[in-house]
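Biologist: I would like to learn how to read a metal site and a ligand site in a model. Could we go through one together?

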Amino acid sequence: MSTYAVESFVSRTLELLQEERKAEIEETRAWQQNLSLKNLQQKGVCLLKLQIGSQRTGMHGRLLVAFEPRKSIGPPVLPSNSFGPGDIVGLFESEGCSQPSQLCSGVVTHVTQVSITVAFDDTQDGVSLESDGLYNIMKLANDVTYKRLTRALNSLNVYRNGPAAHLISVLFGTLEWFNSGLDDSQKEAVSFALSQKDVAIIHGPPGTGKTTTVVEVILQAVKQGQKVLCCAPSNVAVDNLVERLAKCKAKVLRLGHPARLLESVQKHSLDAVIAQSDNSNIIADVRKDMDKVLSQMKKAYDKGQRSSLRREIGELRKELKSREQMAITQILKKATVILATNTGATDDGPLKYLPSEHFDLVVIDECAQALESSCWIALLKGHKCILAGDYKQLPPTIKSQNAAAKGLSVSLMERLIQKYGDSVVRMLTTQYRMNSAIMQWASEQMYQGKLTAHPSVEKHLLRDLAGVADLEETSTPLLLIDTAGCGLNEMEDTDEQSKGNQGEVDIVALHVKALAEAGVQAKDIAVIAPYNLQVDLLRQKLSNEHPDLEIRSVDGFQGREKEAVLLSLVRSNRKGEVGFLAEDRRLNVAVTRARRQLMVVCDSQTVRNHDFLKSLIDYMSKHGEVRTAFEYLEDLVPENYSRNHKDEPANVKESSSKPKVKKQQSKTEQSKEKNVSKNKGERDCQAAASDTHELSSKTASDFHKTKAADQTESQMIKEEIRQQLLVFLGDENKKELLFPASLSSHERLLVHQLSEELGLSHVSRGVAKQRHITVSKQVPGPAEPAETPFKEPAESTKPEIRTNEEVLEKEPDRHPPKPALDFKSLHLERMRREQEKRAGKNLTLLSRHCVALFFTGKGKMKAGAVDVAAAATAHDDFDALIDAVVKADSVCAFVKCKASVLTLGQLCLYCNRQYCLSHHIPEVHGCGDKAKAQARMRISKEGVLYAGSGQKDKSMDPNKKAYLQRKLDSKLKDMASQRKTKSKDKEH
Ligand SMILES: Nc1ncnc2c1ncn2[C@@H]1O[C@H](COP(=O)(O)OP(=O)(O)OP(=O)(O)O)[C@@H](O)[C@H]1O
Ligand SMILES: [Zn+2]
Ligand SMILES: [Zn+2]
């Protein structure tokens, strides 16, 4: 087993020791030659003129002689010296200063201030000392130690398979890793844990591969011949370990009720193993015998016969019990790793059959989430423990606040770290989950800035996922949507003391929609909130439409991860109360669930009252993208204006006590009441402006100040904008009016609304902070880049109800002074006629409708959803789409799919077939590899050129195409449902 590391250590150390030995000998020789005895005594290596105090025989017949200073000279104290037990000394007759001759040598056994005792090997030297003589004792160079050191090193060099074999590999860092992919911090933690005598803590921050590390530790311990008991507080965590250990061929045994185990784990359960053991037949036989006797007993009427049968049953019962015990004990002893939940490791269970010294090592995973007392169930069974977990995440749930406050929630891990500090801990520092932008805040706030993101995740974004379009929405790891000043107040469920926030629900829903449209799958998205009421509200809003979307409380999502995590912080109130958001570990858990994107919606005004929350807001403001919720409200506002009331989803129970979603109220009523849910109709910007929120955040503009004063300010600004627009309208020389990027989003909204009113064309350009509006008197031509007309057809801003036909007929009226149709419109018109020829009338209407939408309705995309390039290419893409439609076969080429591809089919460039919206993505119908290869080629060819140039080739990214189509899809769906709502309204 000798390795290079050991060999080189040994040969180098031997050399050095030899050098040291030489120096020692040289020094002794030089002293003896050059120094007088007196000088030697001053150096402490010689004691002169001693007399014998006592003599006796010690162990092994050695002669023990105590030497003392001569009594006649001064006080009887030895001069200071360097003699100590084990030193080899020479004994000399003290005859003045002449050349002394050595009488014999011995070993010092004891030194005090007044005497030095030396053991002489009586048998060897035949020493006999005159009790009245005077002696000198001199230290001799001692090669015993040297010899021992040398021997140990040589043994180390050739050591094989002994009990220290594993220790050698640990201490020389030459462990043969079961998992060779471990990173440095993981290896360090494994070595540390193995070499600690009593306790080692593996601190695993989110995503750092704690379980991977624990598995390696266990495998190494098993290789050393140790018996391991491995526990975790939850069945899920234990099963996870069982699966991974079993994969590495460890002999694992899982205790616990089979019904609670994962299916894949059941074959490792005690019951399953017993059933397969040799003993199982015998046990079955005994059972059969018992049944036989029992049935005999039923038939037996004779008293004597019955009692003998009863005795027989008693015997059989005993036998059964002992055989079962034996079988269990055998199985338990054979297993190298026994796994159970903390409480499952109880002595009431099978473990009682094992001797108390059975386990060498107890490992507890997720230790920071276990009550310390539950850890002791397992800990009492081993000599040594290794604890793994992250005490910076949430501790075990404890119902009694009092008990928690008094320390019940302090985990063993936390307590040990407080007591022993870093000396018992190794932290894993490479994390494999989060984009580094998501990681950094938690790293700094919770983990002393020690985390680094593994290169495989460091820069990963949603857009890198298969099938996801490259949009602004999918290119940012951090997105903060700030509702400050928007009046999206929290509400309370008085029964449960829980909190909700309908406004945040709506904003989350918009972001989910945006992500879904961008191609992010619902199963890759989690929506989390700290409050159960909010979780309920979110589910009501989102679960029907996205069954795969995970919507959970923060606490319930601990230990999990998703590509995108949308976090609603809920709290929004004038008092700045943050309630149990104030638990830092809860926020840490929430933030660190996200792999590629963390979106936080919150009222920064409220939450920044708490330092830790504020640090997150500040961090996200600095390193992420920030939007004010107004940008999202822009999307909601038209609907809200248009109808008095939009029906909540049917599954809202009005009468039930929770959640209390209040229906439409008058503004006065509403202002009287606190903590009342605002429904959509009230959640417009006017409401926001009249809200009594204190404002100072940079995310909300100065404009959204407080109360009535600000409402007039709002009016003034509106007037000012109107004046500017009117002046522009009157000036024949001016073709364009530019509103700068410094406008707040609310002001932008006003510009759009007023332009619309005045029949001007209004276009947003640029994204995020560069966003500005160009108002012009003409409809931009096809060559015009980067246009994003603000609103969809005014349909939704007007309350009256119309049929499809009406919509189409009235369409032109709502964009009054638009000049003649441009090329695209002509093209579309031609398209429409073509389609009418082919398809039924309804279909045509639909398609025409969506064409119109596509053309005028990009305002929705504007809400931060689409980057300039995407908007610029929208037209080209649409042409491509249309071309494909013209060529279309009528049915999707995907096996068994009957969907028509006349209107919205899509040609796959790789296989040259036409597919419906659900199947056109190359990955879906089997051209994924070709598409990827193509994408790689393109990226390597022109990747750099793409950035910001806005001009892509016509064969655009299939993901983006898909995105545009989904956009269309969802728009159509929206419109359909709006129409439904309207016709319902009409009925009332
Ligand atoms: N050394 C490594 N190299 C590459 N990937 C790793 C490494 N260690 C862990 N991972 C990956 O990181 C992820 C989390 O690892 P693991 O399951 O061991 O951690 P966990 O204990 O479940 O999670 P956490 O660290 O959040 O507690 C897994 O996808 C795993 O494959
Ligand atoms: Zn194809
Ligand atoms: Zn299809």
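This is a predicted model: local features need pLDDT of at least 70, side-chain atom pairs count only at pLDDT 80 or more; totals for chains, interfaces and linings use all residues.

Biologist: Which protein atoms are the donors of the zinc ion (ligand 2)?

Modeller: To read a metal site, begin with the donor atoms. Here they are the SG atoms of Cys908, Cys911 and Cys927 and the NE2 atom of His925, at 1.9 to 2.5 Å from the zinc ion (ligand 2). Along the chain, these donors are spaced as C-x2-C-x13-H-x1-C.

Biologist: Which parts does the pair Cys911 and His925 tie together?

Modeller: Cys911 sits in the loop between strand E27 (906-907) and strand E28 (914-915), while His925 belongs to helix H33 (residues 922-925), so the pair links parts 14 residues apart in sequence.

Biologist: Why is the arrangement around the zinc ion (ligand 2) called tetrahedral?

Modeller: Ideal angles for four tetrahedral donors are 109.5 degrees. In this model the 4 donor atoms around the zinc ion (ligand 2) subtend angles of 101 to 128°. The arrangement counts as tetrahedral because all angles fall between 85 and 135 degrees.

Biologist: Is His925 buried or exposed?

Modeller: Burial is read from relative accessible area, and under 20% counts as buried. His925 has 14%, so His925 is buried. Cys911, at 23%, is partly exposed.

Biologist: Turning to the other ligand, which residues come nearest to ligand 1?

Modeller: For a ligand, list the surrounding residues, then look at the contacts. Of the 15 residues around ligand 1, the nearest are Gln186, Gly207, Thr211, Thr212 and Arg244. By class, this shell holds 4 nonpolar, 7 polar and 4 charged residues. Helix H7 (residues 210-223) supplies the largest share, 3 residues.

Biologist: What lies 2.9 Å from a nitrogen atom of ligand 1?

Modeller: That is a polar side-chain atom of Gln186. An N or O atom in the side chain of Arg244 is 2.8 Å from an oxygen atom of ligand 1. Lys210 takes part through its backbone, where an N or O atom lies 3.3 Å from an oxygen atom of ligand 1. On its own, ligand 1 has 620 Å² of accessible area, and the protein covers 66% of this.

Conventions:
Residues are numbered from 1 along each chain as its sequence is written. Chains are lettered from A and ligands numbered from 1 in the order in which they are written. Side-chain values use heavy atoms; hydrogens and water are left out. Donors are N, O and S atoms within 2.8 Å of the metal (3.2 Å for Na, K and Ca); water is not among the atoms, so sites may look incomplete. Four donors count as tetrahedral if all angles lie between 85 and 135 degrees; four count as square planar and six as octahedral if opposite donors are over 155 degrees apart and all others between 65 and 115; anything else is irregular. Helices (H or I, at least four residues) and strands (E, at least two) are DSSP runs, numbered from the N terminus. Buried means under 20% relative accessible area, exposed over 50%, partly exposed in between (1.4 Å probe, protein chains only). A residue is near a molecule or strand if one of its heavy atoms lies within 4 Å of it. A polar contact is a pair of N or O atoms within 3.5 Å; within protein, one must be able to donate a hydrogen and the other to accept it, and residues adjacent in sequence count only if both atoms are side-chain atoms. Accessible areas come from the Shrake-Rupley method with a 1.4 Å probe; for residues, only the protein chains shown count as cover. Ala, Val, Leu, Ile, Met, Phe, Trp, Tyr, Cys and Pro count as nonpolar, Asp, Glu, Lys and Arg as charged, and the others, Gly among them, as polar.
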